[in-house]
Amino acid sequence: MKTIEWTNGKVRIIDQTKLPHKLVFVTISTLQQMVKAIKTMQIRGAPAIGVAAAFGMVLGAADLRKTAKKLLDSRPTAVNLKWAVERMQNIANAGKGFSPSQLKELLLKEALLMAEEDVLTNKKMGWYGAKVVKRGMRILTVCNAGALATVDYGTALGVIRAAHEQGKKIHVYSAETRPRLQGGKLTTWELQRSRIPFTMITDNMIGHFMQKGEIDLVVTGADRIARNGDSANKIGTYAAAVLAKAHGIPFYIAAPVSTIDFNIKTGKQIVIEERSPEEVLQVGKERIAPQGTKVKNPAFDVTPAKYIKGIITEKGIFKPGNLEMLGT
Ligand code: MRU
């Protein structure tokens with residue numbers, strides 16, 4: 001089952017705001033609908049929003065400059081979105097002189113190719129990454145870097161999936177990931193469907209279980225990786241990485257090369273999305289703090305390269321300091 005798919009001239013996505021209780025598909029036929037779906041996180045996860053942006057460029061092909069701007073403004077941190085928009089712009093430039101319908105067809109071909117490549121990329125990543133997963137390991141992951149965050153298969157969860165498919169008898173700890181609960185709602189849903197054994201914990205339990213020796217490995221995804229290996233991922237990832245270092249537990253990032261932003265030297269240059277205070281002020285439908293409570297809600301944090309043992313990509317596993325070689 002694909003998270004995002006082009007069918008009959010429209011885009012069909014899984015509405016991730018309805019999971020795990022309901023599996024609902026939403027059909028998107030305009031650029032406006034696509035931008036809204038990205039902003040409200042009906043579709044989310046760096047590679048998935050990259051492909052969503054590529055299809056968005058097809059839907060808004062009549063005015064590509066405006067379309068690109070709207071898509072780029074929808075979520076700022078995941079560089080896959082920018083990467084996808086730029087790739088589509090390059091295709092449009094190559095199609096100069098084409099009729100509008102020919103151009104749209106050309107753009108659609110590219111977007112479909114990107115969607116197909118995404119799955120293949122994740123499977124390659126899974127194959128490389130499974131090498132660091134030893135039999136019986138208990139693996140912590142943060143947020144959702146699974147099939148739902150990509151077109152299919154997943155990045156960090158792709159690595160876990162590959163190890164499971166190899167019969168390694170692993171167990172996954174899924175951190176619930178406040179405030180949007182991607183770990184509690186989406187990763188658990190995927191693991192259950194794939195019959196991969198798992199336990200859900202709250203984010204503030206991570207140190208406790210590491211101290212008790214119940215976690216052997218950490219694998220997460222990333223939204224943007226700087227040239228020096230500093231990696232932005234869902235808020236809470238940095239704390240998990242520091243704790244992993246303190247307990248001598250290897251911490252890996254799994255992400256496609258398209259998540260590496262070769263234009264930035266360090267993580268300090270990564271723009272962190274600040275989301276609505278309501279996400280923090282409420283748990284489900286219940287408001288948890290008194291009126292007037294001040295809130296901060298950064299959606300991501302940056303894990304410095306020194307905490308990362310390796311970055312698992314579709315081209316192999318790299319030490320954070322060796323990423324430069326992929327950019328040439
Ligand atoms: O805010 P989200 O849910 O889009 O954040 C997702 C993450 O942080 C993922 O870990 C990251 O995008 C990698 S997904 C393969």
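1. A salt bridge is taken here as a side-chain nitrogen of Lys or Arg within 4 Å of a carboxyl oxygen of Asp or Glu. The model is a predicted one, and by this rule it holds 16 salt bridges. One of them pairs Arg180 with Glu279, whose closest N and O atoms are 2.8 Å apart. Because Arg180 lies in the loop between strand 5 and helix 7 while Glu279 belongs to helix 10 (residues 278-281), the pair ties together parts that are 99 residues apart in sequence.

2. As for the overall layout, the domain assignment divides the protein chain into domain 1, covering 4-123, and domain 2, covering 124-327. The C-alpha centres of domain 1 and domain 2 are 24 Å apart. How many residues of each domain are in contact with the other? The count is 31 residues on domain 1 and 38 residues on domain 2.

3. The size of an interface is often given as the accessible area lost when the parts come together. For domain 1 and domain 2 the buried area is about 2,800 Å², with 57% of it on carbon and sulfur atoms. Within the area that domain 1 buries against domain 2, Arg44, Thr77 and Asn122 supply 22%, which is more than any other three residues provide.

4. Turning to the polar side of this interface, 25 residue pairs are found in polar contact across domain 1 and domain 2, with both residues of each pair at pLDDT 80 or more. Three helices, namely helix 2 (46-59), helix 4 (79-94) and helix 5 (100-129), each supply at least two residues of the side of domain 1 that touches domain 2. Helix 5 gives the most to that side, with seven residues. Sorted by class, the side of domain 1 that touches domain 2 has 17 nonpolar, eight polar and six charged residues.

5. The count of salt bridges between domain 1 and domain 2 is one. Elsewhere in the list of charged pairs, the side chains of Arg75 and Glu273 meet in a salt bridge, at 2.9 Å from N to O.

6. Four strands make up an open sheet of mixed pairing, in the order 11-8-9-14. Strand 11 (260-261) and strand 14 (300-303) stand at the edges with a single partner strand each, so one side of each has no neighbour in the sheet. Strand 8 (residues 224-226) and strand 11 run parallel and are joined by two bridges. Ala226 has Asp261, in strand 11, as its bridge partner.

7. Some points of backbone geometry remain. Most residues other than glycine have a negative phi, and most peptide bonds are trans. Against that background, the peptide bond from Leu19 to Pro20 is cis, with omega near 5°, and Pro20 lies in the loop between strand 2 (10-14) and strand 3 (25-28). A cis peptide bond also joins Arg178 and Pro179, with omega about 0°, and Pro179 is found in the loop between strand 5 (171-175) and helix 7 (182-193). Asn8, a residue other than glycine, has a positive phi near 50°, and its place is in the loop between strand 1 (4-7) and strand 2.

Note on methods:
Residues numbered from 1 in each chain as written. Predicted model: local features only at pLDDT ≥ 70, side-chain atom pairs only at ≥ 80, totals over all residues. Heavy atoms only, no water. Domains from an automatic or database assignment. Contact = heavy atoms within 4.5 Å. Buried area = accessible area lost by both parts, 1.4 Å probe. Polar contact = N/O pair within 3.5 Å; in protein donor to acceptor, adjacent residues only side chain to side chain. Nonpolar A, V, L, I, M, F, W, Y, C, P; charged D, E, K, R; others polar. Pairing = 2+ DSSP bridges.
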